[in-house]
Amino acid sequence: MKPMTDNYERHEQIIAALLWYGTWLASAVIAAGMALGALPQLEDSLSFGLSGYDIVRAGVALFILLPVARVALMLAIFLLERDYAYTMISALVLAIIGTGILIGL
């Protein structure tokens, strides 16, 4: 029974790491965009063609995508474990999210 518990804990750690590092990345992107927006002379000198506002929007988009990435990761984990009931539930949730995005466009 011990290996199953270790496996469960490992999967929880992977999901937690995705959310932890994803949150830090999105926060860093937002902070960089805010810093770029606060320094107009630096914003004008960059050749990216992106404003600080565009970079902040990208950081917010990363925050929005984190829960979707979590469901996709859980789908992959359940598929690797051959837990087909939870695989189908995760696939259904992703399909609902995708349908909502398509309808919203």
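Helices (DSSP runs of H or I with at least four residues) and strands (DSSP runs of E with at least two) are numbered from the N terminus. The exercises below concern a predicted model, in which local features need a pLDDT of at least 70 and side-chain atom pairs count only at pLDDT 80 or more, while totals for chains, interfaces and linings use all residues. Residues are numbered from 1 along each chain as its sequence is written, and side-chain values use heavy atoms, with hydrogens and water left out.

**Exercise 1. Describe the order of the elements and how much of the protein chain is buried.**

Solution. Begin with the elements: the protein chain has four helices and zero strands, and from the N terminus on they run α-α-α-α. Next, take burial, where buried means under 20% relative accessible area, exposed over 50%, and partly exposed in between, with a 1.4 Å probe and protein chains only. By this rule, 15% of the 105 residues of the protein chain count as buried. Finally, turn to contacts (heavy atoms within 4.5 Å): of those in the protein chain with a separation of 6 or more, 52% are between residues 24 or more positions apart.

**Exercise 2. Find the residues closest to the centre of the largest pocket, and the helix that supplies the largest share of its lining.**

Solution. The largest pocket has a volume of about 200 Å³, a volume being the space filled by probe spheres set on the points, which are joined across faces, edges and corners. Ten residues line this pocket, and the closest to its centre are Y8, H11, I77, F78 and E81. The largest share of the lining, six residues, comes from α1, and α1 and α3 (52-80) each supply at least two residues. Leaving aside residues up to four places away in sequence, H11 touches I77 and E81.

**Exercise 3. Locate the salt bridge and decide how exposed its two partners are.**

Solution. A salt bridge is a side-chain nitrogen of Lys or Arg within 4 Å of a carboxyl oxygen of Asp or Glu. A search of the whole structure finds one: D54 pairs with R57, with the closest N and O atoms 3.9 Å apart. Both residues lie in helix α3, where they are three residues apart, about one turn of the helix. D54 has 27% relative accessibility and therefore counts as partly exposed, and R57, at 49%, also counts as partly exposed.

Note on methods: On a 1 Å grid over the protein atoms alone, a cavity is a set of points where a 1.4 Å probe fits but cannot get out, and a pocket is an open set with protein on both sides within 12 Å along at least five of seven lines; lining residues have an atom within 4 Å of a point.
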